[in-house]
Amino acid sequence: MKTLTLLGSTGSIGTSTLDVVRAHPGELRVVALAAGRNLDRIEAQARAFRPELVVVGDAAAAGALAGRLPPGTRLLHGIDGLVAAARHPEAEIAVCALVGAIGVEPTYAAIDAGKTIALANKEALVVGGAFLTARAKETGSAILPVDSEHNAIHQCLRGESPAEIKTLWLTASGGPFRGFSHEALHAATAAEALRHPTWVMGPKVTIDSATLMNKGLEVIEAHWLFGVDGARIRVVIHPKSVVHSLVEFVDGSWKAQLGATDMRHPIQYAVTWPRRLPAPSPPFDLVAAGPLEFLHPDPERFPCLPLAYEALAAGGAAPAVLNAANEVAVEAFLAGRAGFLEIPVVVRRALERHAGAPARSLVDLIEADRAARATTVKALASGVQS
């Protein structure tokens, strides 16, 4: 039986992970759960799965949850609690499903402790990829991707030589605004952006999908996961989200991984790897999937994608700055304090100001993250023109 610590248990990836655990009670067991402030949900999860440790976002949340957990369950909070959950001595696998740069430190802690990482927190590698992957080599920690695109590439590369890879192809649905004109994008609302055509995800990831920043972050993540430079990582729009990603080899052969749009599949692949177990989701119907369409993304209407390539090429602190500015801008858009097309404008401004910041350690990158957030808050407050 494999034991899991689950960081981000109340979000969409976290709840899907617990569906996988329910489907395989003799194979998987949860020893720690960590979430933010959804106290009713984490209480229900703790009663259902009986973890040894529960972590919530802050002291106020911990105070409100105290007395509501099963007997013997420890309760911690904040970043120290996340790190304790990541390092839990009985956990074999750390499922890292936190949203945003908050996942960097606990993911590093789990790697430092030699855990197998089931990584759904792409920002951890975007911000600290050089340091996380280097430490993983030292501790023998395997980083297994949960994002459907990188999970698909991982499956396509089983048994293949890295030297024979020509190009990694990440598929993107195109989001809800794929056919929108520039004028329509200027007027786009958060409610429209949250209506994703194929995937059910949290609000931040859904907005990133609408801007194509999600795909840009995935390009950076793919670089660190697979050791492939940005010039050999391409993005293609695939509206049906049936082909989750592809690998092109030097001999002209291609491999693709296909399946239903159900995150339980890549989650189960990561937490049971290298085995394959029966799926908890309905079988995929190849005939019903119908014709498959592939299109080039439009960098003019969706400039967040080329911004991510620029940040990857610049290296150093640039990806951390890109991610930080984007997180602030997306939060403002969701709150009605920024327009859709202001997101790439303020991200570029932050990159121009902070991309050259020191990047000698994770501490440097966390400081670059902080500075970029402050710059972006000021830019949005001043009324950015898109």
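Colleague: Is Cys304 buried or exposed?
Modeller: Cys304 is buried, at a relative accessible area of 1%; buried means under 20% relative accessible area, exposed over 50%, and partly exposed in between, with a 1.4 Å probe and protein chains only. This is a predicted model, where local features need pLDDT of at least 70, side-chain atom pairs count only at pLDDT 80 or more, and totals for chains, interfaces and linings use all residues. Residues are numbered from 1 along each chain as its sequence is written, and side-chain values use heavy atoms, with hydrogens and water left out.

Colleague: And Cys96, buried or exposed?
Modeller: Cys96 counts as buried, with 1% relative accessibility.

Colleague: How many disulfides are there in the whole structure?
Modeller: Zero, from a search of the whole structure. The criterion is a pair of cysteine sulfur atoms within 2.5 Å.

Colleague: Changing topic. Which way do the side chains of strand 3 point?
Modeller: Strand 3 covers residues 53-56; Leu53 and Val55 point one way, Val54 and Val56 the other, and all are buried. In a regular strand, side chains alternate between the two faces of the sheet. Strands here are DSSP runs of E with at least two residues, helices are runs of H or I with at least four, and both are numbered from the N terminus.

Colleague: What does strand 3 pair with?
Modeller: Strand 2 (residues 28-34) pairs with strand 3 in the parallel sense over three bridges, and Leu33 stands opposite Val54. Strand 3 also runs parallel to strand 4 (residues 74-77), joined by four bridges. Pairing requires that DSSP finds at least two bridges between the strands.

Colleague: Which residue in strand 4 is the bridge partner of Val56?
Modeller: His77. From strand 3 the chain crosses through helix 3 (residues 59-65) to strand 4, in a right-handed β-α-β crossover. Right-handed means that, with the strands pointing away from the viewer, the path from the first strand over the helix to the second runs clockwise.

Colleague: What about strand 2, helix 2 and strand 3?
Modeller: They make a right-handed β-α-β unit, with helix 2 at residues 39-49.

Colleague: Now the whole chain. How many helices and strands?
Modeller: The protein chain has 17 helices and 11 strands. Of its 386 residues, 55% count as buried.

Colleague: What are the spans along the principal axes?
Modeller: The C-alpha trace spans about 55 × 50 × 40 Å.
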